Amino acid sequence: MPRIAGVDIPGRKQVIHSLQYIYGIGPKIAQRICEEAEIPKDKLADDLVEGEVKRIREVLDNNFTVEGDLRRDINMNIKRLMDLGCYRGLRHRRGLPARGQRTHTNARTRKGPRRGAAGRRK
């Protein structure tokens, strides 16, 4: 089970699928990483030699932002929007959808569980 970018990637899966366990890497980026590191796509992660793991790490460090750095960047962007007081920042601050979705019905993921009928009665 190789460790890349602070994540233990599953060893019994192909390299492309194993790389997707790292936050910020999807199918396309995993494919690009394998091409740049010159690793066959169908190779299992357990079968990687130390040199191949090192090449993957170098490609990640040079070309991509992943894991902790990416999470920090995203949180800083949201904090910046909130500090500016723009519409999207206000929506984040209130815990409501920020991209124009309706909230009259739905939006339960952002708004949380419904309040009971006792909260609405007079």
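Helices (H or I, at least four residues) and strands (E, at least two) are DSSP runs, numbered from the N terminus. By that rule, P97 lies in the loop between α5 and α6. This is a predicted model, in which local features need pLDDT of at least 70 and side-chain atom pairs count only at pLDDT 80 or more, while totals for chains, interfaces and linings use all residues. Residues are numbered from 1 along each chain as its sequence is written, and side-chain values use heavy atoms, with hydrogens and water left out.

P97 has a relative accessible area of 9% and is therefore buried; buried means under 20% relative accessible area, exposed over 50%, and partly exposed in between, with a 1.4 Å probe and protein chains only. Leaving aside residues up to four places away in sequence, P97 touches R91, T103, A107 and R110, where contact means heavy atoms within 4.5 Å. P97 and E35 are 62 residues apart along the chain, and 38 Å separates their C-alpha atoms.

The loop between α5 and α6 (108–111) also holds N106. N106 has a phi near 65°, a positive value in a residue other than glycine. N106 counts as exposed because its relative accessibility is 54%. A5 sits in the loop between β1 (3–4) and β2 (7–8), and its relative accessibility of 35% makes it partly exposed.

Helix α2 spans residues 27–36, and its buried residues are A30, I33 and C34. They lie on the same side of α2, because they cover an arc of only 95° around the axis; the arc is that of the directions from the helix axis to the C-beta atoms. The buried residues of α2 pack against α1 (15–19) and α3 (50–63). Just after α2, E38 takes a positive phi of about 55°.

C34 counts as buried because its relative accessibility is 1%. C86, at 26% relative accessibility, counts as partly exposed. A search of the whole structure finds zero disulfides, a disulfide being a pair of cysteine sulfur atoms within 2.5 Å.

Two packed helices are described by the angle between their axes and the distance between the axes. Helix α4 (residues 67–84) packs with helix α5 (residues 87–94) at an angle of about 105°, and their axes are 7 Å apart. This angle makes α4 roughly perpendicular to α5. On the side of α4 the contact is made by I78, L81, M82 and D83, and on the side of α5 by R88, G89, H92 and R93. These residues divide into three nonpolar, two polar and three charged. The axes are lines fitted to C-alpha atoms, for helices over the stretch in contact, and angles run from 0 to 180 degrees between N-to-C directions. Angles under 35 degrees count as roughly parallel, over 145 as roughly antiparallel, 65 to 115 as roughly perpendicular and the rest as oblique. Ala, Val, Leu, Ile, Met, Phe, Trp, Tyr, Cys and Pro count as nonpolar, Asp, Glu, Lys and Arg as charged, and the others, Gly among them, as polar.

Helix α4 also contains R71. R71 has a relative accessible area of 41%, so it is partly exposed. The C-alpha atoms of R71 and G24 are separated by 8.8 Å, although the two residues are 47 apart along the chain.
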